[in-house]
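Subject: Structure handover

Hi,

Here is the structure for you to look over. My notes follow below it.

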Amino acid sequence: MTSIFEGTLIRLRAREPEDAPLLYKWFNDPEVTEFLTMRYPLSIKSERDFIESVAKPDYSHAGFAIETLAESRLIGGIDLVKSSPENRSAELGIAIGDKSCWDGGYGTDAMRTLCRFGFEMMNLHRIQLEVYAPNDRARHVYEKVGFVVEGRLRDALFKYGRYHDILVMSLLEGELRDE
């Protein structure tokens with residue numbers, strides 16, 4: 001049996017202090033953060049503080065580093081946040097910071113792996129995310145995994161000098177697509 005923390009291309013693991021320099025590099029790269037909520041430069045200290053703040057995972061925040069199975073190389077991060085045991089729901093966020101891994105199936109595999117973890121280990125019924133409407137690459141991945149668009153928040157985000165719509169998408173227990 002494959003580990004609940006492994007997909008076909010990736011493994012989810014705890015974030016470690018030595019991850020901070022790569023996270024700092026990625027999250028200060030405008031190309032990486034184009035479709036993330038980040039707007040301002042981050043310090044290496046803020047990355048270290050973030051890693052320390054999520055070092056003790058609990059139901060309200062299950063966050064992981066994403067690394068390749070082949071080389072055990074850190075390529076991004078993925079989180080289930082704002083978990084609600086009463087509603088059996090959580091919000092998902094993902095970033096593949098290593099641009100050499102874009103369009104290589106790593107994001108899709110990480111999404112499937114984390115959603116399986118959420119449904120099988122956290123007893124979630126619903127996983128929700130928000131995506132900027134112009135982010136076609138991410139929307140394609142989310143739909144491939146089984147997420148459906150539930151609504152549109154019009155002009156909800158101002159970034160790079162203009163307003164963007166945000167799409168609300170969700171995946172319910174039993175809807176996860178493996179291929």
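Start with Cys101. Cys101 is buried, at a relative accessible area of 4%. Here buried means under 20% relative accessible area, exposed over 50%, and partly exposed in between, with a 1.4 Å probe and protein chains only.

Before the rest, the ground rules. This is a predicted model: local features need pLDDT of at least 70, side-chain atom pairs count only at pLDDT 80 or more, and totals for chains, interfaces and linings use all residues. Residues are numbered from 1 along each chain as its sequence is written, and side-chain values use heavy atoms, with hydrogens and water left out.

Cys101 is in none, and its nearest cysteine sulfur, that of Cys115, is 19 Å away. From the side of Cys115, the closest cysteine sulfur is in Cys101, and 19 Å is too far for a bond. Cys115 is buried too, at 0% relative accessibility.

Nonpolar cores

A nonpolar core is a set of buried Ala, Val, Leu, Ile, Met, Phe, Trp, Tyr and Cys residues joined through side-chain atoms within 4.5 Å. The largest one has 36 residues. Ile78, Leu92, Met111, Tyr142 and Phe147 touch the most other members. Elements that each supply at least two residues are strands S1 (10-13), S2 (61-68), S3 (74-84), S4 (89-96), S5 (126-132) and S7 (162-172), plus helices H4 (106-121) and H5 (136-145). Helix H4 gives the most, with seven residues. Helices (H or I, at least four residues) and strands (E, at least two) are DSSP runs, numbered from the N terminus.

Take Leu92 as one example. Its contacts include Ile78, Leu80, Met111, Leu114, Cys115, Ile127 and Leu129, not counting residues up to four places away in sequence. Asp79 and Gln128 are also on that list. Contact means heavy atoms within 4.5 Å.

There is also a second, separate core of ten residues. Among them are Trp26, Phe27, Val32 and Ala95.

Largest pocket

What is the volume of the largest pocket? About 1400 Å³. The search runs on a 1 Å grid over the protein atoms alone; a pocket is an open set of points where a 1.4 Å probe fits, with protein on both sides within 12 Å along at least five of seven lines, and lining residues have an atom within 4 Å of a point. Grid points are joined across faces, edges and corners, and the volume is the space filled by probe spheres set on the points.

The lining has 46 residues. Leu36, Gly93, Ile94, Ala95 and Tyr142 lie nearest the pocket centre. Helix H2 (30-33), helix H3 (44-53), S3, S4, H4, S5 and H5 give two or more residues each. By type, the lining divides into 24 nonpolar, eleven polar and eleven charged residues. Ala, Val, Leu, Ile, Met, Phe, Trp, Tyr, Cys and Pro count as nonpolar, Asp, Glu, Lys and Arg as charged, and the others, Gly among them, as polar.

Leu167 is in strand S7. Leu167 is buried, at 3% relative accessible area. Beyond four places in sequence, Leu167 is in contact with Leu129, Glu130, Val131, Ala133, Arg139, Val149, Gly151 and Arg152.

Arg152 lies in strand S6. Arg152 is partly exposed, at 48%. Leaving aside neighbours within four places, Arg152 is in contact with Ala133, Asp165, Ile166 and Leu167.

Lys159 is also placed in S6. Is Lys159 buried or exposed? Buried, at 6% relative accessibility. With neighbours within four places set aside, Lys159 is in contact with Thr33, Glu34, Leu36, Thr37, Met38, Arg39 and His164. The C-alpha atoms of Lys159 and Phe35 are separated by 9.2 Å, at 124 residues apart along the chain.

Backbone angles

Most residues other than glycine have a negative phi. Ser72 has a positive phi, near 55°. Ser72 lies in the loop between S2 and S3 and is partly exposed at 44%. Asp155 has a positive phi of about 45° and is not a glycine. Asp155 lies in strand S6 (residues 148-159) and is partly exposed, with a relative accessible area of 47%.

Best wishes

Definitions and conventions
A disulfide is a pair of cysteine sulfur atoms within 2.5 Å.
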